[in-house]
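I opened this model to look up its helices, its surface and its charged pairs, and I kept my notes in the order in which I went through them.

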Amino acid sequence: MTTCFEGVAMQPVFWAAASVSAVAAVVMVCMLKYQHFHGKRFYALTFIAMIWTLITVGAEASTPSFACQFEMAIVAWLGNALVPVAWCFFVFAYVHQAEWLSKKRVLAALVLVPVGCFVFAATNSMHQLVYTAETAILPGDRQITYIHGPGFFAITAVLYTFVAATFYALIKAFARARRSAWPLLTMLAVVTITPLSANAAYVIFGFTVFGLDPTAFMFTVGILAFTFMLLTNKTMDMASIGQSILFNTTSEPVILIDNNRRVTLMNSAAKRSGLCNLSKAEADALLAKIDTRSPRTTDASLTIEQRIYDPRIQEIESPLDPNGAILGWSITLVDITDRIVITRALEDALLRADEANRAKDEFISVVSHELRTPLTSLKGGLALALSGRLGEIDARIRSPLEIAQRNGMRLSRLVDNILLAQKIDVDALSLDALPVDLGTLLKESLEENKMFAAEQKIDLVMPKGDQTATITGDAFALRQIIDNLVSNAIKFSEQGSTVEGSLSIRNGHVRLSIKDSGRGIPDGMEGQVFGRFEQVKNGGQYATQGSGLGLHISQQLARQMAGKLFYDSVVGEGTTFHMEFATVAAQQPAVILSAADNTDDTPTPATTGDTPEAVQA
């Protein structure tokens, strides 16, 4: 082998083959480093086999001796056999992304087929099946004239099987591919058929290049041409295809305008929206509107074919001069037609709801105020009749009159609650902010509810000792909250049970608690407990009859006085409602007010003095 290469380096044919091989090697390295595609390893093997073949063929053409030429021809079989096999697997991987290429038999074929062909050719002296004994350098020629035996055609048949498989893969790809991919597939077919045609011309007609088999040279030209196409063609470039898909499948119209105010590109949505059918005057108006605004503003909408768009504009900078003149603009037109329609519909609905709510409030207010006058006369007349001042009343008449009086009082409280809830909801209720003793208010409320508790057979437990706790608030509103809590506790407690009131101070906050022994409130019922016109259902029925306004009003009043109203409850054991406020500073004079002393909505001071904040037992 060394002897054969001694004079090869001085021959121009060898240098030509070496130069082509060097170019192919550089192309291969660049492809492997910078390109990402399926079948890259098979593509690299094809390049290596092709370079191997070129080097050996060049060496064969550059040496004058028969022995060296024949030796190079034998060595060339490693590349000659590997090229069609690796190329076949590359086409299947690149075009079809075939999963079977990862199996072991594929790797075995890559090794066994080239090695088998080489071993068969290398042992030709033993069987004379690849090249016959007539193979020689004829007088007047510099290159060997090969006389092929049956073994040569057997090897060719094996290799042509892979070539046929390659054509099958390409035909199958043509059948399913889009027309945009046909040029790439055509190039693959040309690369495959060119060396095949050259080899057939060599075997049948004796066609040679530099007196040698032209197959390697023709395949080299084809594969280099395909490599150039692979570098420039974006058919299999995922990033390019993905950008194209994103651009054309986005639902928003997108147009690209250069700095000469010409539309250079638009996506499918822009074409569907009618932008491609704009007249020149409409296009100039659109571009003028864009040109008169800052590129990044979105304050002006555009109307195109009865659709309203909000343009989102982005400058496209020049890569060569980022701080210089821009290349143009990318304009995304966001369709806001439906949003505007929905917004207007919501505004109209809110306006109608507000008008309906105002009309409802006015109706309730008018009805409630109109009810107050006859209710006052009704209650006064019933009270006068039951007092006996109009004469003795028969027992049969007194009973229905007492029922009418109780229902009149109940109706009066309902009207008062409705009016009060209305005032709270519209922030029309004005409350005082004066020092108030909660201990006094609690005792008064429990004392006045003793009769009601006795009727329900409930025991009221009074706070032990003289408890005082001064807060800032409205005495009448606070007394109303406490009365609601006490009356509710009585109504929701079982006969023979107790209702207990207590007062405690901790960390500068006073807590008034009313504990009952009722059925308790299930978890997650806060919305119904404090809801407007709502009551908690128990066993499918309301526990008591009422308007469902008491606790709602109480919570709103507590909030308006910077306090909070909440509860703890265990089903089957009872509920404790808590009202919590911040205490007044110790050095501030305390004013103890009693709601029982007032008959109107304005509380008046009863006593003034220094009242300690701490609980005194």
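**Notebook: surface, helix and salt bridges**

I began with Leu-112, which is exposed because its relative accessible area is 58%, where exposed means over 50%, buried under 20% and partly exposed in between, with a 1.4 Å probe and protein chains only. I note that this is a predicted model, in which local features need pLDDT of at least 70 and side-chain atom pairs count only at pLDDT 80 or more, while totals for chains, interfaces and linings use all residues. Residues are numbered from 1 along each chain as its sequence is written, and side-chain values use heavy atoms, with hydrogens and water left out.

I placed Leu-112 in helix α4 (residues 104-122); helices are DSSP runs of H or I with at least four residues, strands are runs of E with at least two, and both are numbered from the N terminus. Together with Val-111, Val-115 and Val-119, Leu-112 forms a nonpolar surface patch with about 340 Å² of accessible area. Such a patch takes residues with over 30% relative accessible area and no salt bridge, nonpolar side chains (Val, Leu, Ile, Met, Phe, Trp, Tyr) being joined within 5 Å and like charges within 9 Å; the areas come from the Shrake-Rupley method with a 1.4 Å probe, and for residues only the protein chains shown count as cover.

I then turned to helix α3 (residues 66-96), where 26 of the 31 residues are buried, so α3 is largely enclosed by the rest of the structure. I found a bend of about 30° at Ala-76, taken as the angle between axes fitted to the seven residues ending there and the seven starting there. After α3 comes Gln-97, with a positive phi near 50°.

For charged pairs, I found seven salt bridges in a search of the whole structure, each being a side-chain nitrogen of Lys or Arg within 4 Å of a carboxyl oxygen of Asp or Glu. One of them joins Arg-479 and Glu-444 at 3.4 Å, N to O. This pair links distant parts of the chain, with Arg-479 in helix α16 (residues 475-491) and Glu-444 in helix α14 (residues 438-448), 35 residues apart. Both Arg-479 and Glu-444 are buried.

I also noted Lys-450 and Glu-447, whose closest N and O atoms are 3.5 Å apart in a salt bridge. Lys-450 is partly exposed, since its relative accessible area is 39%, and Glu-447 counts as partly exposed at 42%.
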